[in-house]
Amino acid sequence: MNPLPLVAVAGSPNAGKSALFNALTGARQKVGNYPGVTVERHSGRLTLADGRPVEMVDLPGAYSLEPASPDEAVTRDVLLGRQKGERQPDALVIVVDSSNLDNHLRFALQLIELGLPTIIALNMVDLAKRDGLELDPKTLEKLLGVPVVETIAVRRRGIAELQSALDDMLSAPFCGVHEPVESDLIHLQRRAREIATAAVVSETPVRRWTHRLDAVLLHPVIGPIILALIMFVMFQAVFAWSETPKSWIEDGIAWLSNQASAALPAGLVRSMIVDGAIAGVGAVITFLPQILVLFLFILLLEGTGYMVRAAFLMDRLMHGVGLSGRAFIPLLSSFACAVPGIMATRTIDDPKDRLTTILVAPLMTCSARLPVYTLIIAAFIPNTRLAWGVGLQGVVMFGLYITGIAGALLAALVLRRGVLKGGGGGFMMELPKYQWPPLKDVAIGILTRAEIFLKRAGTIILGTTIILWALASIPQAGPGQKQSDVSIAGKIGRAIETVVRPIGFNQDISMALLPAMAAREVAVSAIATVYSIDSPDQRAGATTLQDKLQHRWSLATALAFLAWFVFAPQCISTIAVTRRETNGWKWPLFMVSYLFVLAYCAAGLTYWTAVALGL
Amino acid sequence: MNAPFQPDATSLDLLKVGTKARVSAVDWASLDEAEACRLRHFGFDEGVTVQPLHLGPFGRDPIAIRVGRMTVAIRRRHAGAIHVQPIR
C-alpha cells in the first residue's frame with residue numbers, strides 16, 4: 001500500500017504558517033521530533049473533498065534554503081528529501097505574508113524552483129488591506145507560474161479554496177524534483193521585489209497599527225515600564241486566578257480520599273492508595289491551574305508578537321552578562337518549565353550564546369517549584385500585610401524568583417568569562433506585526449500543556465510516589481517505633497542526612513530529596529506521603545501537612561530548604577533535554593554539578609545566617 | 001545613481017530615528033557568515049530604503065529598522081556595517 005500523499009507547509013517566519021496549518025488540520029495534530037536533531041515535527045491529517053486522506057507536515061519557518069539555524073537546516077533537508085525520518089513531500093503549500101511579499105517571495109521563488117507541485121497561500125490579506133495595500137492574486141499567479149489562493153488563516157478564511165486547489169494538484173500527474181539551481185540570494189531578492197511590486201494594485205499610505213503600538217511599547221522609558229507591569233500582572237495572576245479552581249481540585253481530592261478510605265478495609269492496600277497515590281499525586285495536581293495560567297500568558301505574549309518586543313527591550317541588559325535578547329524568550333518560557341525553555345533556545349544562532357542560555361535556564365523559577373515554595377511559605381511565613389495589597393508571603397515568593405534570576409545572570413556572566421568565552425554578540429530578529437492570536441490556537445496550546453502535566457502526574461509522579469510509599473512502609477514499625485525510623489526509605493534518608501545535616505536538613509527532607517530528582521514537585525508529594533504514613537489517623541490535606549511541617553521543621557531549616565530549591569537541578573526531564581540539545585553528557589553533567597554546588601552553598605549560607613540571627 | 005562619496009553619506013547606526021535613507025554599500029567582509037546571511041534574509045542590499053524606527057532603552061542598542069516592508073532589530077555594531085545615503 002502506498003503511504004498517504006505528504007504535503008509540506010513551508011514559508012518564512014511570521015507568515016502565519018502555523019495558523020494555516022492549524023486551520024487545515026484542526027486539532028488532530030501530532031507533535032514529534034525529527035531523529036538526531038531537536039527540531040519538533042508537527043504533523044496532521046487533512047481529508048480532501050473526495051474523502052482521500054492527506055498527511056500534512058508543518059516545516060519550521062525559514063528565510064531561505066541557505067540555513068542560518070538548525071531549524072532552517074531541517075526545512076531545507078526535508079524539502080530536498082535528505083531528512084532522516086521523513087519522506088520527500090509530494091506537494092508544497094507555501095505561505096507568504098501579503099504585506100511582506102518583497103521578502104517572503106524570495107523563499108517562495110527558491111521553493112518553486114524545486115519543481116514540486118506547489119500552491120501559494122497569500123496569507124493575511126486582511127492585514128495588508130488594513131495597511132492600505134491592495135494586491136492582485138492573478139498577476140502573482142501569472143508571474144510565479146503556480147496557483148495563488150488568498151487566505152486569512154487566523155479567521156479560517158480561504159481554507160476551503162486552498163483545499164480544493166490541493167485536491168486538483170494532487171490529482172494531476174507529476175514528474176520529479178529538481179535540485180535547486182545555484183541560487184544567489186541577492187538575485188532572488190531582486191526578482192522577488194520586482195514581482196511584489198508588479199502585484200500591487202494600489203497602495204494608500206496609512207498609519208499602521210503596529211507602528212502606533214510600537215511607539216508606546218518600544219518607547220525608551222514607557223516600554224520597559226510596561227514590560228515590568230506585564231511581568232508583575234502575570235505573576236500576580238498565576239496566584240490570584242488559580243485560587244478558586246485550586247480549591248475545587250483540593251475538595252475533589254479530599255472527597256476521593258474519604259471515599260477510598262471508607263470503601264477499603266484498613267491495611268496495606270488502603271495505605272498505598274490513600275497515603276501513596278491519592279496524597280502524593282493529589283498534592284501535585286492542585287497546581288495544575290497555576291501552571292495553565294502561566295502558559296496562557298506565555299502563549300498570548302508569543303502569539304501577539306509582544307515577546308519579540310520584550311527581547312528587543314532586554315537585549316542590551318542581557319548583552320551585559322554575555323547573552324542576547326533572544327535568550328529572553330527561552331528564559332521567560334523557563335518560568336513555566338525549563339524543558340520547553342531549553343528547546344526554545346534553538347532560535348539562538350550563536351552556539352556559545354545558546355549553550356550559556358541552556359545552562360542557566362534551570363535557574364528560572366519553573367512552575368514545578370511553585371508547589372514546594374507555596375507549601376513552605378504557607379507553613380512558615382506569617383501572612384502579614386506590609387502595605388496595601390502587598391503581603392509578606394508574596395514578597396518572599398517574589399524574592400525567590402529574584403534570587404533565581406540573579407543567580408542565572410551571575411552564572412551566565414561567569415560562564416561567558418570562563419568556560420564559554422568568546423563568540424556571540426549577535427541579535428537579529430524580525431519584529432512581526434501585532435495581531436490577536438486565534439483563541440482556538442491558544443486553547444490547543446494550553447490543552448497540550450495540561451495533557452503533558454497530567455500525564456506526568458499519572459506516570460512519573462505516581463510511580464515515584466508509590467515506590468517511595470513502599471520504601472517508607474516496609475518494614476512495618478512495631479509498637480512504640482516510628483515508621484520513618486524503621487523503613488528502608490528512612491535508612492536511605494539517614495544516609496543522605498549525614499551529607500545535608502550541616503545545611504540544616506533533617507531526615508524527612510533527606511527522604512524527599514531522592515524521589516524529587518524525578519521532578520521537583522515530587523518533594524511535596526514525598527513529604528506528604530512520609531507524614532501520612534507516620535500518622536495514619538490523619539488525612540493528608542494541605543492544611544494538616546502545613547501543621548505537621550510547623551511542628552517538625554525550624555524556620556531556619558524551612559528557609560534553607562527554599563534556598564536549596566532555587567538552585568538544585570532536581571528534574572530528570574531537564575537533564576534529559578539538555579543532553580539531547582547538547583548532544584552528549586558533558587554539559588548536562590556540568591550543569592548538574594554546578595547547580596548542586598550552588599544549591600548546597602545557598603542552603604548552607606541561609607541556614608547558618610538564620611541560626612546566627614536566632615530564627 | 002549614488003556617487004561614491006557624498007557629504008552626508010553615513011552608516012545606519014548613526015542615522016537619526018525617523019530619517020529615511022538608501023543603502024549605498026554593505027561591508028559584508030566585517031560580518032561573520034551567519035550574520036551576513038541573516039542580514040541578506042532581512043533584505044539588506046544596495047539600493048534598498050531603510051529607516052531607523054526605535055532605539056533600545058539601554059545604551060540606544062539594539063536598533064529597530066524598517067527595511068522594505070518589514071521591521072527588524074539588529075545591534076548597533078551590525079548597523080555600522082551598512083553604509084547609507086539619507087533621502088531628502
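1. What radius of gyration would a compact globule of 615 residues have, and what value does chain A have? For a compact globule of that length the radius would be near 25 Å. Chain A has 27 Å, which agrees. The model under discussion is a predicted one, and the points below should be read accordingly.

2. On the overall make-up of chain A: the chain contains 27 helices and 12 strands. Its C-alpha trace extends over about 90 × 55 × 45 Å along the principal axes.

3. Chain B has 2 helices and 6 strands. Followed along the sequence, these elements give the pattern β-β-α-β-β-β-α-β. The radius of gyration of chain B is 12 Å, close to the 12 Å given by the globule rule for 88 residues, so chain B is as compact as a globular protein of that length. The C-alpha trace of chain B spans about 35 × 30 × 25 Å along its principal axes.

4. Turning to the interface, 30 residues of chain A are in contact with 28 residues of chain B. On the side of chain A, the elements that contribute two or more residues are helices H3 (101–113), H7 (185–199), H9 (222–240) and H13 (306–320), together with strand S12 (428–431). H13(A) gives the most, with 5 residues. Sorted by class, this side of chain A comprises 14 nonpolar, 9 polar and 7 charged residues.

5. Strand pairing also links the two chains: S12(A) and strand S5 (residues 70–74) of chain B pair in the antiparallel sense, over 4 bridges. Within this pairing, Met429(A) has Ala73(B) as its bridge partner. S12(A) is also among the elements that give two or more residues to the side of chain A touching chain B.

6. Within chain B, strand S6 (residues 82–86) pairs with strand S1 (residues 10–11); the two run antiparallel and are joined by 2 bridges. Here Thr10(B) stands opposite Val84(B). S6(B) is also joined to strand S2 (residues 21–26) of chain B, by 5 bridges and again in the antiparallel sense. In that pairing, Ala25(B) stands opposite His83(B).

7. The axes of H18 (residues 392–417) and H25 (residues 555–567) of chain A come within 9 Å and cross at roughly 40°. H18(A) and H25(A) are therefore oblique to each other, and H18(A) passes H25(A) in a right-handed crossing. From H18(A), the residues that take part are Leu400(A), Thr403(A), Gly404(A) and Gly407(A), which meet Leu562(A), Val566(A) and Phe567(A) of H25(A). By class, the residues of this contact are 4 nonpolar and 3 polar, with no charged residue.

8. Most residues other than glycine have a negative phi, and most peptide bonds are trans. In chain B, the peptide bond joining Asp61(B) and Pro62(B) is cis, with omega about -5°. Pro62(B) lies in the loop between strand S3 (49–55) and strand S4 (63–67) of chain B. In chain A, Asn583(A) has a phi near 55°, a positive value in a residue other than glycine. Asn583(A) is located in the loop between helix H26 (572–582) and helix H27 (586–612) of chain A.

Note on methods: Residues numbered from 1 in each chain as written. Chains lettered and ligands numbered in written order. Predicted model: local features only at pLDDT ≥ 70, side-chain atom pairs only at ≥ 80, totals over all residues. Axes fitted to C-alpha atoms, helices over the stretch in contact; angles between N-to-C directions. Parallel < 35°, antiparallel > 145°, perpendicular 65-115°, else oblique. Left-handed = near helix turned anticlockwise from the far one by under 90°. Contact = placed C-beta atoms within 7 Å. Nonpolar A, V, L, I, M, F, W, Y, C, P; charged D, E, K, R; others polar. Pairing = 2+ DSSP bridges. Rg over C-alpha atoms; globule rule 2.2 N^0.38 Å.
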